[in-house]
Amino acid sequence: MNGDVATIGRGTVVRGRITGAANLEILGRVEGEVEVDGDVVLDARGLAAASLSGRRVTIRGAVRGDLVATESIVLEDGARVVGDVRAPRVAIATGALVRGYVQTGDAPAASSTARARPAASAATPRAANVSATASAPRTPPRAAPAPVPSPAARPAPSAPARPVATAIAGSHAAPSSNGSQASQPSQPSQTERTPPRAPSAHAPVHAPAAAPKGPPPPVMPALKKGAKGAMSKKRA
Amino acid sequence: MASTVIGAGITIDGEITSDEDVVVQGTVRGKLTARDGVTVEPGAVVEADVSGGPLTVAGSITGNITSTDRVDLQPGAKVIGNVKAARITISDGAQFKGNVDMDV
Amino acid sequence: MAQTRSSARSGSSGAGEARIGAGARVRGRIAGDGALTVEGHVEGDVALRGELTVAEGGEIHADTIEAEALVVSGVVEGELRVSGVVRAMAGSRVRGNVTGGASLALDDGAQFAGRIDAEFDLPAELLESSGGSPGRRR
């Protein structure tokens with residue numbers, strides 16, 4: 001991908017689909033879908049009635065659509081977003097307003113905006129949902145699916161781990177279409193977030209640390225810092 | 001200087017409407033309407049009807065072209081479509097196939 | 001580790017710098033007025049009329065966590081019924097839907113999963129359904 005920057009000027013409206021290996025700056029208005037390999041910046045006065053997908057997405061304006069990035073999403077002060085926000089790293093400034101589901105962790109495939117939803121719903125049982133009570137059911141399911149499907153689904157368990165890890169590191173080779181190559185071989189949807197790495201195996205599902213009897217403590221406590229994989233794995 | 005630049009790596013499938021000028025270096029399929037100038041650079045591929053002010057074409061356009069000003073096909077340009085403009089220039093080396101209507 | 005069962009009331013005498021120390025484990029419901037800082041482990045709902053701070057290393061696992069504001073550097077899980085700001089600092093892990101009208105601020109490096117429904121209107125041009133993203137009505 002070259003360092004091309006494409007600009008949708010302030011007086012321009014694009015209705016349709018924007019794709020490509022370039023960075024995109026939106027000063028005007030976009031309706032439809034944006035899926036680029038580079039960075040996407042929505043100007044403070046820019047408007048998007050579209051899903052936006054890129055490597056690093058920065059929003060300063062208003063969006064009605066889902067935001068997906070392979071590296072990071074930043075909602076700056078003044079941003080207004082109605083839609084889901086998913087990326088390995090998400091930063092939301094104090095003055096940014098969001099209405100939707102926000103999730104940090106595993107890089108969903110850039111073109112997975114559609115898949116992301118099924119993934120979310122599939123993972124809904126615990127992921128989307130809140131209550132700690134969900135944590136109870138969560139733990140067991142996690143244990144099972146995590147290790148099993150991963151290796152099974154993937155041709156080379158370790159291989160996917162790399163790409164995903166890579167994806168998370170933001171240095172993936174072919175970002176857009178696969179996001180985590182791992183997601184392809186494995187299952188559609190949720191696999192994007194599927195615990196690719198071995199760590200999931202040892203990531204104590206039954207957090208030994210958080211032994212507490214009562215509500216089975218979700219793995220979260222036990223997770224080491226940076227075990228984004230584990231966190232996302234939960235969603236799997 | 002254009003305010004809207006569709007860079008070389010970009011593909012837009014849909015409609016572009018602008019009240020400024022537009023420069024296309026990438027691919028546009030659908031429809032392009034600008035109030036000011038439109039420049040289709042070498043390497044750009046436009047499969048759409050294009051209308052705007054002064055049009056400068058060095059890339060490829062497949063579609064009808066309507067200009068409120070002049071249409072300039074530069075060497076290397078490839079246009080397949082009808083052109084409706086008050087003035088038109090087809091440079092040596094430009095390829096053109098279509099009708100020209102200068103009765104604007 | 002100190003274990004406190006059932007309800008624990010935090011300093012209701014207003015100002016109260018209530019704190020659940022790093023070595024403490026609470027299982028049960030916590031309710032009170034004033035600010036509360038959690039450095040230890042809490043399992044159970046929290047209903048606080050004040051600002052709740054979960055320090056690094058601190059954890060709260062609950063069905064519902066109610067507070068006027070929430071600042072997390074540790075781990076929090078539960079429905080976050082907050083009226084003010086929910087702020088997740090770098091290194092924190094937060095999971096739960098944010099309800100109660102709170103606004104959400106995530107620092108880069110915070111891990112978060114949950115829904116947020118801030119109340120605001122999009123600019124008029126975006127309110128008309130212009131066939132943008134797969135019409136998801138929110």
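In which strand of chain C is the place of Ala105(C)? The legends below take up this question and then move on to other parts of the predicted model. Residues are numbered from 1 along each chain as its sequence is written, while chains are lettered from A and ligands numbered from 1 in the order in which they are written. Because this is a predicted model, local features need pLDDT of at least 70 and side-chain atom pairs count only at pLDDT 80 or more, whereas totals for chains, interfaces and linings use all residues.

**View 1. Ala105(C) and its surroundings.** Ala105(C) lies in strand E16 (residues 103–106) of chain C, where helices (H or I, at least four residues) and strands (E, at least two) are DSSP runs numbered from the N terminus. Ala105(C) counts as buried because it has 20 C-beta neighbours inside 10 Å; a residue is buried if 20 or more other C-beta atoms lie within 10 Å of its own, exposed if 12 or fewer, and partly exposed in between, with C-beta atoms placed from the backbone. Leaving aside neighbours within four places in sequence, Ala105(C) is in contact with Ile92(A), Ala93(A) and Thr94(A), and also with Val85(C) and Arg87(C); two residues are in contact if their C-beta atoms, placed from the backbone, lie within 7 Å. Ala88(C) is 17 residues away from Ala105(C) along the chain, and the C-alpha atoms of the two are separated by 6.3 Å.

**View 2. Parallel strands in chain C.** Strand E9 (residues 51–54) of chain C pairs with strand E11 (residues 69–72) of chain C in the parallel sense, over four bridges, and two strands are said to pair if DSSP finds at least two bridges between them. Within this pairing, Val71(C) in E11(C) is the residue that Thr53(C) stands opposite. E11(C) also pairs in the parallel sense with strand E13 (residues 85–88) of chain C, over three bridges, and here Leu70(C) has Val86(C) in E13(C) as its bridge partner.

**View 3. Strand E17 of chain C, with partners in chains A and C.** Six of the seven residues of strand E17 (residues 111–117) of chain C are buried, so this strand is largely enclosed by the rest of the structure. Five bridges join E17(C) to strand E12 (residues 97–104) of chain A, and these two strands run antiparallel; Val102(A) has Gly114(C) as its bridge partner in E17(C). Three bridges join E17(C) to strand E14 (residues 93–95) of chain C, this time with the strands running parallel, and Arg95(C) has Ala113(C) as its bridge partner in E17(C).

**View 4. The largest nonpolar core.** A nonpolar core is a set of buried Ala, Val, Leu, Ile, Met, Phe, Trp, Tyr and Cys residues joined through C-beta atoms within 7 Å. The largest one holds 107 residues, of which Leu67(A), Val98(A) and Leu104(C) touch the most other members. The largest share of this core, seven residues, comes from strand E6 (residues 47–59) of chain A. Beyond its neighbours within four places in sequence, Val98(A) is in contact with Leu75(A), Val81(A), Val85(A) and Ile92(A), as well as with Leu104(C), Ile116(C) and Ala118(C).

**View 5. Where chain B touches chain A.** The contact takes 21 residues from chain B and 22 residues from chain A. On the side of chain B that touches chain A, strand E1 (4–6) and strand E2 (10–18) of chain B each supply at least two residues, and E2(B) gives the most, with nine residues. By class, this side of chain B has seven nonpolar, ten polar and four charged residues, where Ala, Val, Leu, Ile, Met, Phe, Trp, Tyr, Cys and Pro count as nonpolar, Asp, Glu, Lys and Arg as charged, and the others, Gly among them, as polar. E2(B) pairs with strand E2 (residues 12–20) of chain A in the antiparallel sense over nine bridges, and Arg17(A) stands opposite Asp13(B) in E2(B).

**View 6. Chain C and the confidence of its prediction.** Chain C has one helix and 17 strands, and 49% of its 138 residues count as buried. Its average pLDDT is 85, with 80% of the residues scoring at least 70; pLDDT is the predictor's confidence in each residue, from 0 to 100. Over residues 10–14 of chain C the pLDDT is below 50, and this stretch has 14 contacts in the model beyond near neighbours in sequence. The pLDDT also stays under 50 over residues 130–138 of chain C, for which the model has 19 contacts beyond four places in sequence.
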